[in-house]
Amino acid sequence: MRRALSALLAVGLACAAVALQNTHWSYTRAYGPFVKNGRVGQAITEPLFTIRVEPVEAARTILVPATSYSKPQEIPANGVFIVVIATVEARRSPIYAGQARLHTRYGDYSPTDKFGGGGGLTTPVVTPLSYVRFQPGMPRRGAYVFDVPREAVTGARLYVSDHDAEEAQFGFYRNDPRRFADEVHVDLGLDTREAARLTRTAAAGYSVPEPS
Amino acid sequence: MRRAARIVALLALMGTAIYLPFRQEWAYYRKDVPATHTRTVRPGRPAVFQQIRWTLLGYGRAVLKPGDLPAEGIGSPQRPGETLVLATLRAEPLTKNPRDFEIDYSLRDRAGHSWSAFQWHTTIIQGGKDPAYVMGLVPDWAVGTFELVMRHQHQDLSSALGGPELVFRR
């Protein structure tokens with residue numbers, strides 16, 4: 001009797017081992033990004049940073065102030081500029097929240113490169129939050145600006161990750177900007193009616209706030 | 001009872017064995033790899049790091065003269081509730097040959113917060129009399145508690161991963 005039970009147990013364990021071979025976490029569950037959802041006005045806390053997003057604004061053109069080398073200029077959107085103003089604070093150590101994307105039904109959009117600063121070779125004429133290094137106890141309020149087709153605004157959500165790609169160009173796996181990152185998905189409250197209102201009333205000559 | 005305990009122990013062991021390598025990799029990705037060796041040094045006592053003998057002379061607030069700028073890397077202007085701070089050190093090179101320093105400076109408090117820090121108005125030469133300065137921007141509540149930390153800088157100038165660190169105690 002005991003021998004039969006042992007044999008049964010052995011067969012059971014073997015079956016379990018085979019079954020476990022086919023049972024594994026999905027890539028995203030194992031390697032991230034580890035997502036936390038939130039909405040406009042809510043402080044969303046990740047292990048390394050806290051973010052609070054304000055109601056979204058839209059612009060047809062953005063006013064770039066004059067500098068020592070250039071006159072003021074108005075930069076037009078290809079579609080419409082979606083301006084997401086947020087306050088970000090690091091919780092423990094300095095971080096970038098450089099991986100911001102606007103997730104839409106047409107796909108994900110990166111912050112516009114119309115202000116320069118691409119590849120870190122130049123300084124952008126307007127500093128988006130993607131360029132800010134956040135430190136504990138020193139929150140910064142600024143903007144992520146996206147240029148998207150008007151039809152993409154409905155249902156758009158903001159994705160912000162604490163993993164920066166700018167400083168991680170070398171080394172083992174370090175080029176993968178999203179692996180093991182914490183990511184916040186913010187519902188911007190852009191239902192069909194709100195998206196229509198936003199695109200209809202998009203401002204001309206909008207001044208993007210510098211991080212403050 | 002004893003058999004059940006054994007099974008539970010075995011399962012716990014398996015879980016730990018699976019989890020530990022993953023945890024280490026995760027830590028690497030998140031640049032949270034702690035120093036493998038930490039040395040602390042009291043104020044006024046010398047310590048050698050990257051072939052330089054460092055002596056902490058003091059911590060304090062940084063005072064910028066008119067026209068003076070904060071260290072490169074510190075955003076300006078500073079906001080209310082934020083303070084520029086300075087660590088003043090004596091730095092004596094132990095080698096005659098000029099060389100590039102690859103030190104990752106940071107400021108930390110004992111609650112686990114850390115802030116970026118940068119060399120400021122500092123040239124380290126043998127026989128030089130001028131002190132070395134490391135500047136950082138911290139919230140007001142950290143002005144009396146921060147401590148300077150030195151680690152070896154990563155080749156791509158990103159945060160240090162592992163390695164030794166030197167902490168200058170208050």
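Mentor: A residue is buried if 20 or more other C-beta atoms, placed from the backbone, lie within 10 Å of its own, exposed if 12 or fewer, and partly exposed in between. This is a predicted model, where local features need pLDDT of at least 70, side-chain atom pairs count only at pLDDT 80 or more, and totals for chains, interfaces and linings use all residues. Residues are numbered from 1 along each chain as its sequence is written, while chains are lettered from A and ligands numbered from 1 in the order in which they are written.

Trainee: Thanks! How many residues of α1(A) are buried?

Mentor: Helices are DSSP runs (H or I, at least four residues) and strands likewise (E, at least two), numbered from the N terminus. Helix α1 of chain A spans residues 2–21 and has 20 residues. It is hardly covered, and its count of buried residues is zero.

Trainee: What does UniProt list for residues 1–19 of chain A?

Mentor: Over that stretch the chain is 95% helix and 0% strand, with the end C-alpha atoms 27 Å apart. UniProt positions are given in the numbering used here, feature names are shortened, and annotations may be inferred rather than shown by experiment. The unreviewed UniProt entry lists these residues as "signal peptide".

Trainee: What percentage of the residues of chain A count as buried?

Mentor: Chain A holds three helices and twelve strands. Of its 212 residues, the share that counts as buried is 35%.

Trainee: Over in chain B, which strands stand at the edges of the sheet?

Mentor: Two strands pair if DSSP finds at least two bridges between them. In chain B, nine strands form an open sheet of mixed pairing, in the order β1-β9-β8-β5-β6-β7-β4-β3-β2. Each edge strand has a single partner, so one side of it is left without a neighbour in the sheet; the edge strands of chain B are β1 (37–41) and β2 (46–49).

Trainee: Which residue is the bridge partner of T38(B) in β9(B)?

Mentor: Strands β1(B) and β9 (residues 164–168) of chain B run parallel, joined by five bridges. In β9(B), the partner of T38(B) is E165(B).

Trainee: Last one: is R61(B) buried or exposed?

Mentor: R61(B) sits in strand β3 (residues 52–61) of chain B. Leaving out residues up to four places away in sequence, R61(B) touches T83(B), L84(B), V85(B) and V143(B), where contact requires C-beta atoms, placed from the backbone, to lie within 7 Å. Because R61(B) has 9 C-beta neighbours inside 10 Å, it counts as exposed.

Note on methods:
Expected span 1.5 Å × (residues − 1). Contact = placed C-beta atoms within 7 Å.
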